[in-house]
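User: I'm new to this one. Please walk me through it in short steps.

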Amino acid sequence: MPRFTPATPRSRRLGRELRKLRDAKGLTGEEAAKLVRCSSSRISRIESGEIKPRAGDVMELLVAYGIGIDEEPATSLLEQARELREEGWWQRLGGRYATYIAYEEEAAELKNFEPMLVPGLLQTERYAREVNMVGRESDKDTINQRVAARMTRQRVLHREPAPLRVHAILSEAAVRTEVGGLDVLREQLDHLVTLSCLPNVTIQVLRFEAGAHLAVSSGFALLAFEQGEPPLGYVETLAGELFLESARDLARLSDAYDNLKTLARSPAESIKFIKELSRHGA
């Protein structure tokens, strides 16, 4: 059973259901491990979602717990295990963003604050290309791959039957910075206006006049999931990525986001501002 690190909502959901079945049987992790001839740490990792079990592995556990494999909940759990084995397109990318993209693909709602750039889900192809050329390898194929991946990510905005709900707060600096020059920026601003017409996309601009706020140090994201899965916080730093799950950390990010929403222009005012900026510049 290969490791699946870190856990995602689907792997955690499967693990949680398997633990419920083990608890109902009155078995400890060590006792379950003996029944299926594996280590107790492996049982623990499956139940925490850190390991992506095969359908055969899940079947062994179901048999050990006395669950008929041709009836519920066994059939649903086996189907979940098979789905976990399907490689997502982002897994072929590797690199630092693959984990975040996996969460983004499963999220129902995304709240995002960006202090300096338009967020990836809202970028045009030309804007994304300019961003990916800054401070990175100049290899054309590598840049093309990154840009293509960013465009593929944006499918979540249009997925059926439930597109990702996005609420993005952009600092005024993000919509004024001439990434790639004025023409690229103007195209990007027009794209933001177009995206704002989608019922699942809301955009606000944090004006300069708003002054200091609770997120002056960095941008961040808050991801929410369906089926009772706990939310997840995400902060990108120069040193790497931070995934935040504790109630305290999530409360701090949520408070900061609410503060930003209050300080920012309303969605309607924001789009009006972006339109004016596109037409007339600073």
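Analyst: Start in helix 1, which holds both Asp23 and Arg19, 4 residues apart, about one turn of the helix. Helices here are DSSP runs of H or I with at least four residues, strands are E runs of at least two, and both are numbered from the N terminus. This is a predicted model: local features need pLDDT of at least 70, side-chain atom pairs count only at pLDDT 80 or more, and totals for chains, interfaces and linings use all residues. Residues are numbered from 1 along each chain as its sequence is written, and side-chain values use heavy atoms, with hydrogens and water left out.

User: What do the side chains of Asp23 and Arg19 do?

Analyst: They meet in a salt bridge, 3.8 Å from N to O. The rule asks for a side-chain nitrogen of Lys or Arg within 4 Å of a carboxyl oxygen of Asp or Glu. Side chains of opposite charge can pair when their charged atoms come close.

User: Which residue does Lys20 meet in a salt bridge?

Analyst: Glu17, at 3.5 Å, N to O. They sit 3 residues apart in helix 1, about one turn. Lys20 has a relative accessible area of 48%, and Glu17 has 27%.

User: How many salt bridges in total?

Analyst: The count is 17. One of them joins Arg12 and Glu229, at 4.0 Å. That pair links distant parts of the chain, 217 residues apart: Arg12 is in helix 1, and Glu229 is in the loop between strand 4 (220-224) and strand 5 (232-237).

User: Are those two, Arg12 and Glu229, buried or exposed?

Analyst: Arg12 and Glu229 are both buried. They also belong to a salt-bridge network with Arg13, Arg16 and Glu245.

User: New topic. What order do the strands of the sheet take?

Analyst: The order is 3-2-1-4-5-6, in an open sheet of 6 strands with mixed pairing. Strand 3 and strand 6 (240-244) stand at the edges; each has a single partner strand, so one side of each lacks a neighbour in the sheet. The twist averages 15° from one strand to the next. Angles run from 0 to 180 degrees between N-to-C directions, and axes are lines fitted to C-alpha atoms, for helices over the stretch in contact.

User: Parallel or antiparallel, strands 2 and 3?

Analyst: Parallel: strand 2 (165-171) and strand 3 share 6 bridges. Two strands count as paired if DSSP finds at least two bridges between them. Ala168 has Ile203 as its bridge partner in strand 3. Strand 3 (201-206) is mostly covered, with 5 of its 6 residues buried.

User: And strand 1 with strand 4, which way do they run?

Analyst: Antiparallel, joined by 5 bridges, with strand 1 covering residues 109-114. Lys111 stands opposite Leu222 in strand 4.

User: Which strands does helix 11 lie across?

Analyst: Strands 1, 2, 3, 4, 5 and 6; helix 11 (247-263) runs at about 110° to strand 4. Asp258 lies in helix 11, and Asp258 is partly exposed at 39% relative accessibility.

User: Back to helices. Which residues of helix 4 are buried?

Analyst: In helix 4 (55-64), these are Ala55, Asp57, Val58, Leu61 and Leu62. They cover an arc of only 160° around the axis, so they are on the same side of helix 4. That arc is taken from the directions from the helix axis to the C-beta atoms.

User: What do they pack against?

Analyst: Helix 1 (9-25), helix 2 (29-36), helix 3 (40-48) and helix 5 (74-84). Contact means heavy atoms within 4.5 Å. Gly66 follows helix 4, with a positive phi near 75°.

User: What does UniProt list for residues 18-72?

Analyst: Its unreviewed entry gives "domain: HTH cro/C1-type". UniProt positions are in the numbering used here, feature names are shortened, and annotations may be inferred rather than shown by experiment.

User: Last one: how many helices and strands in the chain?

Analyst: 12 helices and 6 strands. Buried residues make up 44% of the 282 residues.

How values were computed
Buried means under 20% relative accessible area, exposed over 50%, partly exposed in between (1.4 Å probe, protein chains only).
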